[in-house]
Amino acid sequence: MDIDTIAAIATAPGEAGIGIVRLSGKEAVNIADKIFRGKKDISLKNRETRKLHYGHIIDPENDKTIDEVLIVYMKAPYTYTTEDVVEINCHGGIISVRRILEIVLNNGARIAEEGEFTKRAFMNGRIDLTQAEAVMDLISAKTDSSFDVSLNQLEGALSKEVRVLRESVLKMLAQIEATIDFPDEDDVEEMAYEKMQEEGEFIFKTIEGLLSTAYSGKIIKEGLKTIILGKPNVGKSSLMNAILRENRAIVTEIPGTTRDIIEEYVNLNGIPLRIVDTAGIRETEDIVEKIGVDRAKELVDKGDLAIVVFDASEEISDEDKNIIELVKNKKSIILLNKTDLEIKTSIETLKNYLPNKTILNTSMLKGEGLEKLEKTIKDMFFKGDVKINDSIIINNVRHKDLLLKAKKNIEEALESIEMNMPIDCIEVDVKECYDNLGEINGDTVGEDIIDRIFSDFCIGK
Ligand code: GDP
Ligand code: ZN
């Protein structure tokens, strides 16, 4: 196990109010003592822990002042890593934190790897793997709901569920042992098989229940990849603006793969939409025209949802028909906009072209139809009501894959029980189920996987 002392800049690069350099490990406080000068000449060890102390960071080689700081010493074991932790709050911006990090490294710390602080928290047993992963997800969350799901996971909701599951699997294994110990007693065997079946069915159902949240979990985490389509002037920008107005929480704007496509996170009443190509929409340009039919088709194919806008005050045009071709076999919701004007195209007319689609009358001018749109999206993508705050939602592909494996194991064990197969046939599957579940919270996980998980973290966390 690592026992050296690590250090990293914990705040994001750039101009900011403060910057933080963080140290963790046995030498943290000794290193800090070498470079910190407070008003009184007291060692940090002898100052109150978990309190900010004012002073300066000095380069001990030449007594040069590096920056004015507040420093805090958090004594092991009740810290993020469970080790001694020191945090130096200095002025924001890139120079101060870099200078301080350099001094810290010159005085005995090693630069931390990605996620190494959290990895130590995991290695030292303070959190399990799902909680460590939740830390990462919290940092990278782009929507409120995604953040809430991760927070729930960090608090240990998923860990607990996995522990309960594994205890049930252990009970099954105990039944197996009992049968192996008394191989000739038929009634022992019969009872054991019955109990195993009961336990197995509980495990199966619980895993299935968890897996049923995975689709919502993916959407919550990644956003519902949505494209808004329609010929020019039908009201796409107005729709986009209405969505933005109602939901100020635009979390981020990330550049897409090509420069003319951007994605924007919007929170539509709890549903995170990742709207593609808003640049085009907002500049009152037509996506299809802007990027070409093939690219538009590709976007529609890759997306989760297309919202297609038509103008109720006009007849359906050839341009409309092209768009209908693009979306008619895709998950889409059709909006018939401008219903406040004299109507030339009705829902019934559109139905002829798009028989299986939900078509909604809207008027962006009057702000009508958005609620129906929200409800339609909810019904389309979330089974029942997704209560994000207090339920466990699987939003991690690694967890999902392991649950699928564990489900298959238990399914096979149940089949063997059903067919009265020899006990060791059953045992293999049940043991594998136990291991696969253990990999979720890190009880039975290889070092390579741990390394891979933490390498996705950012430095300083
Ligand atoms: P886009 O080209 O598809 O993005 O369409 P815009 O959102 O820019 O709207 C084009 C024009 O239609 C603008 O003048 C809007 O004010 C108007 N418009 C949008 N929605 C409605 C609506 O529901 N009713 C009416 N009467 N006008 C609308
Ligand atoms: Zn527009």
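Modeller: This is a predicted model, in which local features need pLDDT of at least 70 and side-chain atom pairs count only at pLDDT 80 or more, while totals for chains, interfaces and linings use all residues. Residues are numbered from 1 along each chain as its sequence is written, and chains are lettered from A and ligands numbered from 1 in the order in which they are written.

Biologist: In what order do the seven strands of the open sheet lie?

Modeller: Strands here are DSSP runs (E, at least two residues), as helices are (H or I, at least four), both numbered from the N terminus. Two strands pair if DSSP finds at least two bridges between them. The pairing in this open sheet is mixed, and the order is S3-S4-S5-S6-S2-S1-S7.

Biologist: Which strands have one side left without a neighbour in the sheet, and why?

Modeller: A strand with a single partner strand stands at an edge, so one side of it is left without a neighbour. That applies to S3 (36–38) and S7 (110–111).

Biologist: Which residue of S4 is the bridge partner of Gly38?

Modeller: S3 and S4 (residues 52–59) run antiparallel and are joined by three bridges. In S4, the partner of Gly38 is Gly55.

Biologist: How are H16 and H17 oriented to each other?

Modeller: The axes of H16 (residues 397–418) and H17 (residues 423–441) come within 8 Å and cross at roughly 165°. Axes are lines fitted to C-alpha atoms, for helices over the stretch in contact, with angles from 0 to 180 degrees between N-to-C directions. Angles under 35 degrees count as roughly parallel, over 145 as roughly antiparallel, 65 to 115 as roughly perpendicular and the rest as oblique. H16 is therefore roughly antiparallel to H17.

Biologist: How many residues of the contact of H16 with H17 are nonpolar?

Modeller: Contact requires C-beta atoms, placed from the backbone, within 7 Å; among the residues that meet are Leu402 and Ile410 in H16 and Ile426 and Leu437 in H17. Ala, Val, Leu, Ile, Met, Phe, Trp, Tyr, Cys and Pro count as nonpolar, Asp, Glu, Lys and Arg as charged, and the others, Gly among them, as polar. With four polar and five charged residues set apart, the nonpolar ones number 11.

Biologist: What is the orientation of H5 to H8?

Modeller: H5 (residues 144–154) and H8 (residues 214–222) pack with their axes 7 Å apart, at an angle of about 120°. That angle makes H5 to H8 oblique.

Biologist: Which residues of H3 and H4 make their contact?

Modeller: The axes of H3 (residues 116–123) and H4 (residues 129–140) come within 9 Å and cross at roughly 160°, which means that H3 is roughly antiparallel to H4. From H3 come Thr118, Ala121 and Phe122, and from H4 Leu129, Ala132 and Val135.

Biologist: Which helix gives the largest share of the shell around ligand 1?

Modeller: A residue is near a molecule if its C-beta atom, placed from the backbone, lies within 6 Å of it. The shell has 17 residues, the closest being Gly235, Lys236, Ser237, Ser238 and Leu365. By class, six are nonpolar, eight polar and three charged. The largest share, three residues, comes from H9 (residues 236–246).

Biologist: Where is Arg50, whose phi is positive?

Modeller: Arg50 is a residue other than glycine, yet its phi is near 60°. Its place is the loop between S3 and S4.

Biologist: Which residues does the cis peptide bond join?

Modeller: Pro77 lies in the loop between S5 (64–74) and S6 (85–91). Omega of the cis bond is about 5°, and the residues joined are Ala76 and Pro77.

Methods:
Two residues are in contact if their C-beta atoms, placed from the backbone, lie within 7 Å.
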